[in-house]
Amino acid sequence: MASGIYGLSGSGMDIDDLVKGMMKTQQARYDKLYKQKTVETWRKESYNTLYKSIYNFRYNTLANYKTQANMSAKTASTTDSSTVTAKALGDAVQMTHDITVKKLASNAYLQSAEKIKRENTADPKSVKLSDIAGISESELKNGGDKIALAFSVDDGVNGKKYVSYTYDELAQGTTLNDLVSDMNKLGSNIQASYDNNNDSFALYNKIGGGTNTISISLESSVSVIDDKGAETIIPVDNAAVKRSTNLVNNLYLASYNSADKTMGTANKFSDDVKYSIGVAGKSGSFDFSGDKATLADMVGMNIEVPTDPDGQWYIINDDGTKTEINKDDEGFKIQVNGQAVSFTYEDLTKDLSESGNPIETKFAAVGVTVSLSAAGSKMQVALTRGNGEEINLEAAAGTSGEKFINKMNLSTNSLTSTMSGLDATTVKALAGNPVMQDGETEDSTAFELVVNGSKVSFSYKDIETMTMDGFAQKINDSSNGAKATFADGKLSIYNEDGSEFSISSGSQAGKTFLNALKLSSDGGTTIQEITGGDNSFSVKGESAEAIIDGKTYTSDSNTITTGSVVYTLNKVSKNNGTEDKPDYETTKVTINSDNATVVKSVKQFVEDYNKLIDELNTQIYAKYESTYLPLTDDEKSAMSEEQIKKWEEKAKTGLLSGDAVLKEAVNSMRSALASIISGTGNEYNSLASIGITTTDYTEHGKIELDEDKLNKALTADPDAAYKLFSTLSDTSSEKGIAHKLSDAMNTSLNKIKEKAGTTAELGDQSYVDSKITRLNTQMTTLKARMEKQQSSLYKKFNAMEAAIAQLNQQASYVTSAFGSSS
């Protein structure tokens with residue numbers, strides 16, 4: 001506002017007051033526009049509040065009354081909750097299910113079986129990775145950015161994730177806690193932790209089930225992703241492989257055996273990493289008669305065992321006579337790798353299919369592992385030596401020991417190709433058709449194989465036309481103890497003496513060739529492949545397994561959902577049989593209607609609906625006090641805060657009184673509730689039929705519930721409420737009350753949106769918004785006009801004051817002049 005100078009003339013006039021009085025009419029016009037705008041703003045806010053309430057009811061509250069879980073609820077009871085508990089979903093069928101729990105799900109889990117070992121022993125409690133791995137201070141100082149430690153982890157789902165540290169990083173004091181943090185950032189399901197108090201490291205796969213694992217592998221190279229997502233492959237040298245082996249091995253990571261509640265043996269990498277495949281030992285089989293296999297049966301000896309523990313033992317001769325024997329005397333003996341192994345007469349009567357049988361125990365004492373497995377009347381035999389050396393069995397001619405050895409029909413284990421068509425291909429093709437590089441000739445080495453530790457080289461010229469016959473001959477001529485044969489389209493490689501046979505290659509062509517042969521030592525069940533030199537160990541979780549109504553289900557968790565029933569498996573069902581012939585107890589799970597939950601849901605619907613109706617009716621039937629208009633700043637200045645508050649409460653009341661949009665919203669909701677739903681299949685086709693009716697007319701559409709009538713309806717038809725509320729259909733007459741109500745509310749929401757938008761913000765182009773915008777424009781125009789008029793008045797009064805001052809000055813001069821002349 002402009003202001004003027006006054007009083008200089010001595011006129012005594014209050015110019016501000018005069019201007020204000022002259023502007024009074026214009027100010028009144030402005031105040032009227034302000035009050036109209038404020039009323040419309042409050043009206044918009046009232047509409048917006050109701051919009052949010054209707055929106056919340058339609059999109060959130062109503063959803064509860066469309067589900068079977070609330071409107072057709074079921075209960076699930078179980079005969080053995082310690083084995084299995086169950087939750088029935090709304091659409092579960094009322095019946096009894098049979099369930100047998102055979103396995104519980106578990107997670108892959110590794111933890112330190114003992115305290116962590118430090119290769120650098122100066123600080124036995126150090127948590128530095130360099131001390132655990134055995135990296136010296138000199139190596140840390142001089143190693144720079146070379147890879148010092150590297151391995152990968154695989155959770156069975158997300159693929160390999162690499163963990164690596166340079167010497168520079170380790171020199172900064174990288175600890176087990178840093179390793180935990182880095183592993184937990186890999187984007188894997190494997191969670192790492194370190195317990196400082198117990199000096200224990202642990203890895204845990206957060207997802208259970210048989211497909212979820214914890215695999216740890218040494219790597220000959222690692223993948224490093226930079227900040228821009230670019231991948232770099234970095235080689236890992238032998239020193240780093242050795243240190244990585246130390247690190248992982250010294251954590252003593254072992255799995256927990258839930259069956260016998262014990263910790264297993266720590267998993268370890270080989271100290272001397274070899275990227276090879278191989279086979280060792282001998283195997284065979286023999287037939288046996290009767291209900292069990294014994295050594296006596298193998299050597300043709302008929303032994304009579306007394307029923308009295310202290311009774312006399314006999315050998316029954318071929319002519320039927322008996323020869324007295326002492327059960328602890330030697331029955332026969334053999335030589336195993338030059339060491340004597342003898343069996344007593346009592347040993348000869350033991351069941352060989354049982355664990356700890358005489359062959360297993362006696363051979364183990366001289367360093368040979370024996371595996372026996374019965375299949376019908378045939379016993380399979382496998383012999384190996386822990387150190388991979390040869391296995392040699394001898395016995396005197398014509399003795400029971402010779403009969404025993406011959407009966408086993410032992411032959412040396414071999415690696416045999418399982419790939420078909422080998423007789424029609426060449427070594428070159430199997431090796432991936434390697435191409436000579438610059439500077440190479442046909443006599444250059446295409447690839448090398450390491451057979452039993454000796455190199456066997458193949459030139460480009462060799463492999464051009466070499467067949468499997470030629471390859472076998474090349475192996476046989478290499479003087480490394482290996483034997484190769486090719487017959488009937490199959491290649492077999494082995495050491496004749498049963499010692500460990502190994503074959504490997506450091507070149508890609510060699511690896512490709514060996515992998516292409518698909519070599520197997522068990523007839524193809526397991527194919528041995530070179531996988532790039534990984535040395536790894538792995539544990540996996542276990543999937544839950546249950547038989548439900550005769551069908552087998554598996555799950556990565558101990559929860560199985562089928563037939564709209566959620567089963568939670570708590571323990572394995574009791575087995576009244578044996579491990580070989582299990583006889584699991586069956587748990588019964590019975591599904592029944594849960595009428596109490598349905599009644600509770602319907603009661604809640606009545607409450608929710610009435611709450612919304614009350615809110616709408618409060619606005620529709622509120623009395624509008626036209627004498628209470630919004631206050632201007634001048635009017636507020638003459639009132640207390642409490643007076644202003646009460647005034648504005650009155651002024652805001654009834655702004656939507658009798659509103660046609662709101663009345664239509666209520667009427668459409670009432671109409672939806674009064675609908676007759678066809679297709680229910682019985683008499684329960686309206687809300688009134690299940691006990692929901694309107695209250696007194698003075699409450700303008702509120703409803704009430706007769707619980708007894710509802711319970712009666714649910715007893716007759718457990719799905720009565722669900723059919724009425726939740727049926728979804730394209731046919732209007734069959735559509736459930738909740739869906740009809742939803743449609744009605746959607747229409748009301750759109751009309752309120754057209755009338756006043758959805759929020760208090762301006763600019764939504766609604767009817768009220770346009771009105772407020774128009775009033776704002778009028779107020780702005782009028783304000784500018786008033787400021788211009790006020791400025792003009794002040795200029796005129798200022799000019800008047802200046803003129804009066806000049807006249808006063810002239811009068812004073814005249815008076816002074818006349819006074820002087822007299």
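Reader: What is the strand order in the open sheet of three strands, and how are the strands paired?

Author: The order is 2-38-37, with antiparallel pairing. At the edges sit strand 2 (84–88) and strand 37 (559–562), and each pairs on one side only. From one strand to the next, the twist averages 20°. By the way, this is a predicted model, where local features need pLDDT of at least 70 and side-chain atom pairs count only at pLDDT 80 or more, while totals for chains, interfaces and linings use all residues. Residues are numbered from 1 along each chain as its sequence is written, and side-chain values use heavy atoms, with hydrogens and water left out.

Reader: How do you know that strand 37 and strand 38 pair?

Author: Pairing takes at least two bridges found by DSSP between two strands. Strand 37 and strand 38 (residues 565–569) have four bridges, in the antiparallel sense, so they count as paired. Threonine 562, for instance, has valine 565 in strand 38 as its bridge partner.

Reader: Why is threonine 61 called buried?

Author: Buried means under 20% relative accessible area (1.4 Å probe, protein chains only), exposed means over 50%, and partly exposed lies in between. Threonine 61 has 14%, so it's buried. Its place is in helix 2 (residues 24–61). Leaving aside neighbours within four places in sequence, threonine 61 is in contact (heavy atoms within 4.5 Å) with Asn56 and Asp608.

Reader: What makes up the lining of the largest cavity, by class?

Author: It has 10 nonpolar residues, with no polar and no charged ones. Among them are Phe151, Leu179 and Val248. Ala, Val, Leu, Ile, Met, Phe, Trp, Tyr, Cys and Pro count as nonpolar.

How values were computed:
Helix = DSSP H or I, 4+ residues; strand = E, 2+ residues; numbered from the N terminus. Axes fitted to C-alpha atoms, helices over the stretch in contact; angles between N-to-C directions. 1 Å grid on protein atoms, 1.4 Å probe; cavity = no way out; pocket = protein on both sides within 12 Å on 5 of 7 lines; lining within 4 Å.
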